[in-house]
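This report concerns one protein chain. Please keep the sequence and the model in view while reading.

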Amino acid sequence: MPKVSVISADWTLRVTVRAELLHEGFEALGMDSVADLAQAVTQGAIPSAIVLDAALVTPETAGLLSGLARRAPTVVVASRPEVAGEPGAHLEGAAAVLYRPVRVGEIVSRVKQLLAGHVA
């Protein structure tokens, strides 16, 4: 069963995406920070895919996230202002970028598409 990590400080995004993924038959873990993801990875919990709130990407976390994006398809949920200053700079390696407003169903659909085409 594919494992999807949903990382967002916004609990509504994290909980709703996780609930929909669980409903679709995925194992989904909700995390409120990149540090939580890093800890899970060091304990051997490598996700099959990642859903990431772009607001959590900082210069300090960008390297870790870029490395993980090479191993697991990453769907980034971003607001246009978050990417206006440096287009694409902190989204490097993302398999998909969805801009707010975005429906939960769109996020889950993109994860499903990426996992269907991803060879682990």
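## Basis

The model is predicted: local features need pLDDT of at least 70, side-chain atom pairs count only at pLDDT 80 or more, and totals for chains, interfaces and linings use all residues. Residues are numbered from 1 along each chain as its sequence is written, and side-chain values use heavy atoms, with hydrogens and water left out.

Side chains of opposite charge can pair when their charged atoms come close. The count here is three salt bridges (a side-chain nitrogen of Lys or Arg within 4 Å of a carboxyl oxygen of Asp or Glu). One of them joins Glu24 to Lys112, with 3.0 Å between the closest N and O atoms. This pair links distant parts of the chain, 88 residues apart: Glu24 is in the loop between helix 1 and strand 2 (27-31), and Lys112 is in helix 5 (residues 104-117). Helices (H or I, at least four residues) and strands (E, at least two) are DSSP runs, numbered from the N terminus. Glu24 is partly exposed because its relative accessible area is 34%, and Lys112 is partly exposed at 37%. The cut-offs are under 20% relative accessible area for buried, over 50% for exposed, and in between for partly exposed (1.4 Å probe, protein chains only).

Asp53 and Arg100 also form a salt bridge, at 3.1 Å from N to O. Asp53 belongs to strand 3 (residues 49-53), whereas Arg100 sits in the loop between strand 5 (96-99) and helix 5, 47 residues apart. With a relative accessible area of 5%, Asp53 is buried; Arg100, at 29%, is partly exposed.

## The Arg103–Glu106 salt bridge

The side chains of Arg103 and Glu106 form a salt bridge with an N to O distance of 3.6 Å. Arg103 has 61% relative accessibility and therefore counts as exposed. Glu106 is partly exposed, its relative accessible area being 33%.

Is Thr74 buried or exposed? Its relative accessibility is 5%, so Thr74 counts as buried. Thr74 is part of strand 4 (residues 74-78). Leaving aside residues up to four places away in sequence, Thr74 contacts (heavy atoms within 4.5 Å) Ile50, Leu52, Ala69, Ala94, Ala95 and Ala96.

Thr16 is found in helix 1 (residues 11-23). Thr16 counts as partly exposed because its relative accessibility is 36%. Its C-alpha atom is 6.9 Å from that of Val104, although Thr16 and Val104 are 88 residues apart along the chain.
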